[in-house]
Amino acid sequence: VNDGKTGLLVPPADPASLANVLGTILGDPHRAARLGRAARRHVEQHHGLARMVDEVEAILHNGW
């Protein structure tokens with residue numbers, strides 16, 4: 001998660017911060033949607049099926 005771009009991070013074991021961020025995101029559905037779209041794009045670009053296939057083909061082509 002890229003804080004503020006693909007999601008929102010909170011410190012571990014900090015329920016007050018988590019509650020604050022949840023309240024913030026629930027109060028701003030447009031921001032929530034933007035973060036969700038950005039996160040999806042990131043996953044598709046960096047961890048999607050096409051990338052996995054390319055990496056497997058590279059391994060098979062170049063050997064282990």
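Ala13 is exposed: its relative accessible area is 83%. Exposed here means over 50%, buried means under 20%, and partly exposed is in between, with a 1.4 Å probe and protein chains only. Ala13 also has a positive phi, about 55 degrees, although it is not a glycine. Where does Ala13 lie? Ala13 is in the segment before α1, the helix that covers 15-26. Helices are DSSP runs of H or I, at least four residues long, and strands are runs of E, at least two, numbered from the N terminus.

Some housekeeping before going on. This is a predicted model, in which local features need pLDDT of at least 70 and side-chain atom pairs count only at pLDDT 80 or more, while totals for chains, interfaces and linings use all residues. Residues are numbered from 1 along each chain as its sequence is written, and side-chain values use heavy atoms, with hydrogens and water left out.

How confident is the prediction? The mean pLDDT of the protein is 94, where pLDDT is the predictor's confidence in each residue, from 0 to 100. A value of 70 or more is reached by 98% of the residues. Confidence is highest in α1, at a mean of 97, and lowest in α3, at 90. As a reminder, where pLDDT is low, the predicted coordinates should not be read in detail.

Back to the segment before α1. Lys5 belongs to that segment, and Lys5 is exposed, with a relative accessible area of 56%. Is Thr6 buried or exposed? Thr6 counts as buried, because its relative accessibility is 19%. Asn2 also lies before α1 and counts as partly exposed, at 40% relative accessibility.

Now, how does this segment sit against helix α2? Lys5 and Leu35 are 30 residues apart along the chain, yet their C-alpha atoms are separated by 6.0 Å. Asn2 and His47 are 45 residues apart in sequence, and from C-alpha to C-alpha they are 15 Å apart in space. Val1 and His46 are likewise 45 residues apart in sequence, and their C-alpha atoms are 12 Å apart. His46 has its place in helix α2 and is partly exposed, with a relative accessible area of 34%.

Next, the charged pairs. How many salt bridges are there in the whole structure? A search finds two. A salt bridge is a side-chain nitrogen of Lys or Arg within 4 Å of a carboxyl oxygen of Asp or Glu. In general, side chains of opposite charge can pair when their charged atoms come close.

One of them joins Glu44 to Arg40, with 3.0 Å between the closest N and O atoms. Both residues lie in helix α2, which covers residues 29-47, and they are four residues apart, about one turn of the helix. Glu44 is partly exposed at 47%, whereas Arg40 counts as exposed at 56%.

Another is between Arg51 and Glu55, whose side chains meet at 2.8 Å, N to O. This pair is in helix α3, and again the spacing is four residues, about one turn. Arg51 counts as partly exposed at 38% relative accessibility. Glu55 is also partly exposed, at 42%.

That brings us to α3 itself. The helix runs over residues 49-62, has 14 residues and reaches 20 Å from its first C-alpha to its last. That is close to the expected 20 Å, the expected span being 1.5 Å times one less than the number of residues. Just after α3 comes Gly63, with a positive phi of about 80 degrees.

There is also a nonpolar patch on the surface, formed by Leu49, Met52, Val53, Val56 and Leu60, with about 500 Å² of accessible area together. Patch residues have over 30% relative accessible area and no salt bridge; like charges are joined within 9 Å, nonpolar side chains (Val, Leu, Ile, Met, Phe, Trp, Tyr) within 5 Å. Areas come from the Shrake-Rupley method with a 1.4 Å probe, and for residues only the protein chains shown count as cover. Val56, in helix α3, is partly exposed, with a relative accessible area of 43%.

Arg34 is found in helix α2 and counts as partly exposed at 47%. Along the chain, Arg34 and Val56 are 22 residues apart, and 32 Å separates their C-alpha atoms.
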